[in-house]
Amino acid sequence: MHSNGFFLKDVAGFLGGYYTFIAIMNGVAALILWRRKNQPGWAITWAVVAGVMMVLASLALSGSASLVPSLPLSVRMLVNKLSGPVLYTLGTTALFTVLFVFRKFFVKPMVAWTVLNVALVIMGLSMADENFASIVMKADNVPIVGLIFMLAFFTWVATSQAVVNDERIAKGLPPMEKINDEKVLVWPDLVYTELICMVAVSAFLLVWAIFLQAPLEEPASSVKTPNPSKAPWYFLGLQEMLVYFDPWYAGVVLPSMVVFGLMAMPYLDFNKKGNGYYSIEERKFSYLVYQFGFFELWITLIILGTFLRGPNWNFFGPFEYWTPYKVEVLNNVDLPQMFWVNLLDRPLPRAPQGAGLLTQVGTILLREAPGLALLGAYLVLLPPLLAVTVFRKFFARMGFVRYMIMANLMLLMLTLPLKMILRWTLNLRYIVSIPEFSLNF
Amino acid sequence: MADKKKMTVAEILAAARAKSGGGAAQPSGPATESAAEPDAAPAAEAQAAPKAKPAPKPAAAKAAGGARPSVADILAAARAKKSADGDEEGGAVAVKPKPAAAAEKAKPAAKPAAAPAAAKAAAASAPKTGVQRDTASILAAARGGAKPGPVSKAEAPEVAAKLQAVAAKPKAVAVPAEKAVVVRTAPAMPARPAKAAAKKDGEEDRRGFLEIAMGSFMAMGFTALSVTGGLFTLGLARYMFPNVLAEPPSRFKVGFKEGFPAGKVETKFVPQYGVWVVNGEFAGQQQIYALKTVCTHLGCTPNWLEAEQKFKCPCHGSGFYKDGVNFEGPAPRPLERYAIRISDDGQLEIDKSKAFQEELGQWADSDSYVTV
């Protein structure tokens, strides 16, 4: 790797264009607001922001490496020190909670625009860090950056419409979609739109393919695994799940359950409201469960796997150098070990040498008794328990079969965050550990 | 937008027909406009129609969807209408139809009625053109599943009879008697060729010869096929036992015991054989053993980290001690051992055809290690 000064010169051109883009973006926003005449204060604010961005752009393009705007080293060190899988996961959960609870505030266009500007500037300042830039600008990671911004945008669009609709419904008015429900034809309206999109996206991909080189690596070899070895970006959530589970569960059962659960959704849903229009208040449970599964358990894990998992699948801070020699002290133990050895202070039950199959299986069952009991309680006892407490109304409206499917799907989904928490807090590897038959949970 | 486009096609056709003289019997409309045009043209005409009588729905649907030749009529009607209204709009081509959607919105009932109404309008303005068919005959043709083409003179009485029946039915669109009903004439179809005569038994002709010949050819073909298939299977079986095996042998020698000092993990056999040869301590005994370089979690190849004294998998972060026992990450069981022994010449010989798993208690097997 080249030294920092050379790197900054390399990245300065990009950053100049980047800040200029933000400046133009804010300038256009200011112009539009000024023309509308109803928010002159914000118009002036965005004009000022545009000016500041132009200053940043000129600093980046000044040709002097020391003038390129960047985060102070102390801040970067602090971020690296603080970041870890626990803080990342809990932090994103907290962030989503705040965004959800104060959604009426965050969906305001001016607030959302401010958040976008802040995100873009932090991104620009971070790009001046060599380690950050080398990860973010990797050809196969660039789409994830786009994904973050596009997800934020589309979530904002949906949420802001839902907030408007919820306010209208509270006042007894029909939702926005019911007022302006002019039908359009599939042919030609939709098909033409799709055609135009197709042409535009093809052109964009062509340009992308020309400017971003394919991330080709050395020839494959069965005895040499790249370090870090990463799945395609859309599977990085799965790969992160595999850190906490045996392959049969994280690679087969859970993904199948995701697909099955998505297919089952319309049959489990008994809420007739919120059909054909955005609304959060009217379907809070469905909204929260889906967003938790999608954002927390899928998207944040993809981002974690893409940007924060380095060699040996260790966690690296966003500004940390990806060294394969990072040592993380981990010593995972299975639940039987914890129960028999640590708690009861006696050796693990072991079948005597040359014992018959029945004795072996019996010994294994005895050894795994605590884990099996825990798992059984979780999957068998918890659904009825929930039915008479938290989900009383759900159970009454859904009936036995639908309720049981819903409850079990939800509990299976929650195994992932629960297992993550158990791994972080207790260093627990497997609750049920039967390596003799490759059955671990 | 679409309606404009569609109408333009109709317009062009009408114009073309007007140019060509517009009297003689015409072939039915091109196949491409079979479904699209009948819808659009009548919809546009619906406004022009004196009075859109609500017609029974099935009849309308059949007229619009089933009866293809109505296109010609509708186009003719459009042309007639255009030539009548031409002065106010400035030529047939420049006529701008109002979008059908507007008409639909204003009068939702107008759509089902549109097609017959338009056809009726066409019938009303037909005398000018001289060649015209009325809606009822089209409908009758469509309903009766009859030949959808133009009605020939020979068929005319039949059509007329059908027409009567249709007019009698309450569902059908009755055509007022004062309106002229002109059956379009078309050239009669050529006579149908006579069917081939059935072959008599014992009669020898060219077909019979072919049949006999084909029989023997079939037999030959199947014989050849089975012989080829058999040879191919034999060849495939031979292919399974190649003369030269490119893969390294499962038994190989790695050198003398002295080449593996205590505490050393030898990684030089990894690229070729996928084996670490380790001189380490296990169960209180100094042993030399061969560890398989496959992570027990998902099968990646871990790396030996000399500084940390552990095997670390790059895929999900599983870690193994020097003796192969898993201690961190998701790997559920220790790395596997290969069989190792001291061969007759005193060298260590590893046999990859046999693996030993710790969780099954196989590491106690004396084949899985060599004591130092």
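β3(B) and β4(B) make a hairpin with two residues between them, and Ala283(B) in the turn has a positive phi of about 55 degrees. Keep in mind that you're looking at a predicted model.

**Around the hairpin**
- Eight bridges hold β3(B) and β4(B) side by side, running antiparallel.
- One pair to look for is Phe282(B), which stands opposite Gln285(B) in β4(B).
- β3(B) has another partner to find: strand β2 (residues 265-266) of chain B pairs with β3(B) in the antiparallel sense over two bridges.
- There, Glu266(B) sits opposite Val277(B) of β3(B).
- Seven of the eight residues of β3(B) are buried, so this strand is largely enclosed by the rest of the structure.
- Ala283(B), in the loop between β3 and β4 of chain B, is exposed, with 9 other C-beta atoms within 10 Å.

**Another sheet in chain B**
- Look for an open sheet of four strands in the order β5-β6-β7-β8 (chain B), paired antiparallel.
- Its edge strands are β5 (303-305) and β8 of chain B, each pairing on one side only.
- Strand β7 (residues 319-320) of chain B joins β8(B) through two bridges, again antiparallel.
- Phe320(B) has Asn326(B) in β8(B) as its bridge partner.

- In soluble globular proteins, nonpolar side chains tend to be buried together.
- The largest nonpolar core here has 47 residues, and the ones touching the most other members are Val275(B), Val277(B), Ala290(B), Ile340(B) and Ile350(B).
- Leaving aside neighbours within four places in sequence, Ile340(B) is in contact with Ile288(B), Tyr289(B), Ala290(B), Leu348(B), Ile350(B), Tyr369(B) and Val370(B).
- A second, separate core has 22 residues, including Val11(A), Ala30(A), Val49(A) and Phe319(A).

**Where the chains meet**
- The contact uses 28 residues from chain B and 30 residues from chain A.
- On the chain B side, α10 (270-273) and β8 (326-328) are the elements that give two or more residues.
- Sorted by class, that side has 13 nonpolar, ten polar and five charged residues.

**Chain A at a glance**
- Chain A has 18 helices and two strands, and 21% of its 441 residues count as buried.
- Among its contacts between residues at least 6 apart in sequence, 67% join residues at least 24 apart.
- The mean pLDDT of chain A is 90, with 99% of the residues scoring at least 70.
- By element, helix α6 (residues 109-127) of chain A has the highest mean pLDDT (95), and strand β2 (residues 439-440) of chain A the lowest (85).

- Most residues other than glycine have a negative phi, and most peptide bonds are trans.
- Asn312(A) isn't a glycine, yet has a positive phi of about 60 degrees.
- You'll find Asn312(A) in the loop between α13 and α14 (335-343) of chain A, where it is buried, with 29 other C-beta atoms within 10 Å.
- Trp187(A) and Pro188(A) are joined by a cis peptide bond with omega of about 10 degrees, and Pro188(A) lies in helix α10 (residues 186-211) of chain A.
- Another cis bond runs from Asn227(A) to Pro228(A), with omega near 0 degrees; Pro228(A) is in the loop between α10 and α11 of chain A.

Notes
Residues are numbered from 1 along each chain as its sequence is written. Chains are lettered from A and ligands numbered from 1 in the order in which they are written. This is a predicted model: local features need pLDDT of at least 70, side-chain atom pairs count only at pLDDT 80 or more; totals for chains, interfaces and linings use all residues. A residue is buried if 20 or more other C-beta atoms lie within 10 Å of its own, exposed if 12 or fewer, and partly exposed in between; C-beta atoms are placed from the backbone. Two residues are in contact if their C-beta atoms, placed from the backbone, lie within 7 Å. Ala, Val, Leu, Ile, Met, Phe, Trp, Tyr, Cys and Pro count as nonpolar, Asp, Glu, Lys and Arg as charged, and the others, Gly among them, as polar. A nonpolar core is a set of buried Ala, Val, Leu, Ile, Met, Phe, Trp, Tyr and Cys residues joined through C-beta atoms within 7 Å. pLDDT is the predictor's confidence in each residue, from 0 to 100. Two strands pair if DSSP finds at least two bridges between them.
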